[in-house]
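Reader: Please walk me through this model, with the definitions as we need them. I'll take a look at it first.

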Amino acid sequence: MTQSPLKLVVAVGGASGAPYARRLLHVLSTQPASVVETHLVFSKAAHQVWAEEIGTPTGDLPFKKWDARDFGAPFASGSAGFGAMVVIPCSMGGLARIAHGVSEDLIGRAADVMLKERRKLLLVARDTPLSLIHLENMAAVTRAGALVLPAMPSFYGRPQTIEALLDTVVGRVLDHLGLPIKLGPRWGETEGERR
């Protein structure tokens with residue numbers, strides 16, 4: 001029996017950290033349709049941040065793209081059967097809206113759908129330092145069923161490039177989405193086990 005592809009929403013939020021989103025999208029673009037079906041939505045601010053940090057247009061990305069105001073997108077309803085969503089990067093404002101069920105745009109609505117349907121929702125939080133309000137919102141969204149996965153790179157694999165550093169976060173995202181894509185060494189691997 002063949003397994004259905006993961007129906008995935010990737011939402012790019014307006015926090016600094018567009019390179020994380022670009023790297024995740026690049027990796028997803030290399031996967032066959034039998035593994036993952038990716039749909040993409042940018043917040044209003046994300047287009048500006050992408051232009052500042054990446055310098056390329058967002059329209060060139062090879063995915064089905066949805067406007068943040070388009071509530072006709074399939075993942076705006078639980079009946080569409082989307083299995084997971086990742087918001088990368090996730091601003092503190094976006095996280096707060098998700099934590100409190102404010103569905104003012106497609107990202108908020110899709111996140112609300114993931115929570116109510118008990119599907120995977122990963123929020124790649126990107127801000128520092130964190131205020132008490134940020135921490136309380138993270139606790140609230142965690143209690144609701146989301147996974148807060150801060151964009152905190154790791155160094156035990158001795159990343160030598162910015163891409164390798166990004167992969168320490170993006171690899172964790174892929175792990176939590178259940179996609180069997182290895183981007184770098186795992187803790188405890190010997191040198192011969194590393195790619």
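Author: Let's start with a definition: buried means under 20% relative accessible area, exposed means over 50%, and partly exposed lies in between, using a 1.4 Å probe and protein chains only. This is a predicted model, where local features need pLDDT of at least 70, side-chain atom pairs count only at pLDDT 80 or more, and totals for chains, interfaces and linings use all residues. Residues are numbered from 1 along each chain as its sequence is written, and side-chain values use heavy atoms, leaving out hydrogens and water. Helices (H or I, at least four residues) and strands (E, at least two) are DSSP runs, numbered from the N terminus.

Reader: Thanks! Is R158 buried or exposed?

Author: Look in the loop between β6 (147-148) and α6 to find R158. Its phi is positive, about 55°, although R158 is not a glycine. With a relative accessible area of 67%, R158 is exposed.

Reader: And what is the relative accessible area of R118?

Author: R118 sits in the loop between α4 (106-116) and β5. Here too the residue is not a glycine, yet R118 has a positive phi of about 60°. R118 is exposed, and its relative accessible area is 69%.

Reader: How many Å apart in space are M152 and L123, C-alpha to C-alpha?

Author: M152 is in the loop between β6 and α6, and it is exposed at 63% relative accessible area. In sequence, M152 and L123 are 29 residues apart. In space, their C-alpha atoms are separated by 12 Å.

Reader: I'd like to turn to the helices. Are α1 and α6 roughly parallel or roughly perpendicular to each other?

Author: Axes are lines fitted to C-alpha atoms, for helices over the stretch in contact, and angles run from 0 to 180 degrees between N-to-C directions. Angles under 35 degrees count as roughly parallel, over 145 as roughly antiparallel, 65 to 115 as roughly perpendicular, and the rest as oblique. Helix α1 (residues 18-29) packs on helix α6 (residues 162-177) at about 65°, with the axes 9 Å apart. The two helices are therefore roughly perpendicular.

Reader: How many charged residues are there in the contact of α1 with α6?

Author: Contact means heavy atoms within 4.5 Å. Ala, Val, Leu, Ile, Met, Phe, Trp, Tyr, Cys and Pro count as nonpolar, Asp, Glu, Lys and Arg as charged, and the others, Gly among them, as polar. From α1, P19, Y20, R23, L24, V27 and L28 meet E163, L166, D167, V169, V170, V173 and L174 of α6. By class, ten of the contact's residues are nonpolar, none is polar, and the number of charged residues is three.

Reader: Which residues in α2 meet A18, P19, A21, R22 and L25 in α1?

Author: α1 and α2 pack at about 90°, with axes 9 Å apart, and are therefore roughly perpendicular to each other. A18, P19, A21, R22 and L25 supply the α1 side, and the α2 side is V49, W50 and E53.

Reader: Within what arc do the buried residues of α2 fall?

Author: In helix α2 (residues 44-53), the buried residues are A46, V49 and W50. They line one face of the helix, because their directions from the axis (taken to the C-beta atoms) fall within an arc of 105°.

Reader: Which exposed residues does the face of α2 turned away from its buried side carry?

Author: The buried residues of α2 pack against β1 (6-12), α1 and β2 (36-42). The face turned away from that buried side carries K44, Q48 and E52.

Reader: Is the crossing in which α3 passes α5 left-handed or right-handed?

Author: A crossing is left-handed if the near helix is turned anticlockwise from the far one by less than a right angle, and right-handed if clockwise. The axes of helix α3 (residues 92-99) and α5 come within 9 Å and cross at roughly 45°. That makes α3 oblique to α5. The crossing of α3 with α5 is left-handed.

Reader: One last thing: which proline lies in strand β4?

Author: Strand β4 covers residues 84-90. The peptide bond leading from I88 to this proline is cis, with omega near -10°. The proline in β4 is P89.
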